[in-house]
Amino acid sequence: MNEIDPWASSSVEDYEKLMRDFGIQPMGDYQGRYSDLRYIRRGIIFGQRDLGRIDEAVQKKKRFALMTGLMPSGKFHFGHKMVADEIIWFQQKGADIFSCSADIESYVVRGISFEDARKTAIEEYLANYIALGLDPERLSFWFQSDYRTEYYRLRDMLSKKVTFNELKAIYGDDLTTGKIISALTQAADILHPQLAEFGGPRPLVVPVGADQDPHIRLTRDLAQRFSEEFKFIPPSATYHKFMSGLQGGKMSSSNPQSYIALTDEPKDAGRKIMRAKTGGRATVEEQKKLGGIPEQCMIYELYLYHLVDDDRELKEIYGKCKAGTLLCGEDKKHCAQLMEKFLSEHQKKRDSALKDARRIAERKR
Ligand code: TRP
């Protein structure tokens, strides 16, 4: 069994294996029931733990919460947009939203200053969340470095019920003091909404990429170990796949050519799309004969995740590509147009969302 390292930059290749090894459950019936979220409908959100608790709360209109943490480094790109859309969707289903900037983690593990982290959290993340549709009035937002006593007390208490060897088994041998602090802080992020001071025990879901599963497993164990003291309900989770980089391979914050940021100039974004890797053949003749390979095409991936919400329209593009009647040049132009339109509309909203983002970051917590 391979361990997953949430601090490594490797991507998770084999989702099936991951599910088998770590007990992540498939979406099953929820894929149909919650098909109104594109990422669920299309299998991009591929797994879950205890989603039944959340499902029940939604169906019976009982209280539940969502907790999410952002890493305040780099630009807010289309990989992050996927999570933001999921958060907003859960908010519209009735979740109390808890969101933190992981600035302790970014300081101790990545060496990012608190000042830079603060700016990134507000201008990149919060402003884009709000522009995408998050209701800032129904959001509890905090910085890991600047929050309430009960939260820090919980984090420190958690250390009592996890051994050093256990942490090494979960996170690997190059465990550092900073990683231990980050892991316990993240567990406190996820569990503290269930403290009496923050609304009390209730189902809570954490939307994550598969790389965060070690944290989820640790936190679920801790929830159980403190269940008598705090009546914690083990947190639920959803797991999403990662988008590829525009050139194929990994999407990486350190390589701007690999992603489109939501603050990219629309024209620049269009140019990135024109340079992206496609599933095209070596020559036009060959492509007309054999058809393209949408499964290997970054343009198709952009449609699938973000730009084409209508399943019929997506299927039509897929069919034309496979049949060799839609060629890459034309397809890229179409994609660039959709992207430029999305970005210019979004960026207008982001400008006015900035004010709300700043206000929320200053709000008393
Ligand atoms: N570790 C997460 C990351 O690298 C950030 C994070 C901090 C987080 N606390 C969290 C994510 C709680 C989910 C839930 O992106």
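**Helix packing and nonpolar cores**

Tyr 300, Tyr 303 and Leu 304 of H15 meet Leu 314, Ile 317 and Tyr 318 of H16, contact being heavy atoms within 4.5 Å. Helices (H or I, at least four residues) are DSSP runs, numbered from the N terminus. The model is predicted: local features need pLDDT of at least 70, side-chain atom pairs count only at pLDDT 80 or more, and totals for chains, interfaces and linings use all residues. Residues are numbered from 1 along each chain as its sequence is written, and side-chain values use heavy atoms, without hydrogens and water.

The axes of H15 and H16 (residues 311-323) come within 10 Å and cross at roughly 165 degrees. Axes are lines fitted to C-alpha atoms over the stretch in contact, with angles from 0 to 180 degrees between N-to-C directions. The two helices are therefore roughly antiparallel (angles over 145 degrees).

H15 (298-307) is also a partner of H13, as is H17 (328-362): the buried residues of H13 pack against both. In H13 (residues 266-274), Pro 266, Ala 269, Gly 270, Lys 272 and Ile 273 are buried (under 20% relative accessible area, 1.4 Å probe, protein chains only). Viewed down the H13 axis, they fall within an arc of 160 degrees, so they line one face of the helix. The arc is that of the directions from the helix axis to the C-beta atoms.

The largest nonpolar core has 71 residues, of which Tyr 129, Tyr 303 and Met 339 touch the most other members. Such a core is a set of buried Ala, Val, Leu, Ile, Met, Phe, Trp, Tyr and Cys residues joined through side-chain atoms within 4.5 Å. Apart from it lies another core of 44 residues, including Phe 22 and Cys 100.

Technical notes. Buried means under 20% relative accessible area, exposed over 50%, partly exposed in between (1.4 Å probe, protein chains only). Angles under 35 degrees count as roughly parallel, over 145 as roughly antiparallel, 65 to 115 as roughly perpendicular and the rest as oblique.
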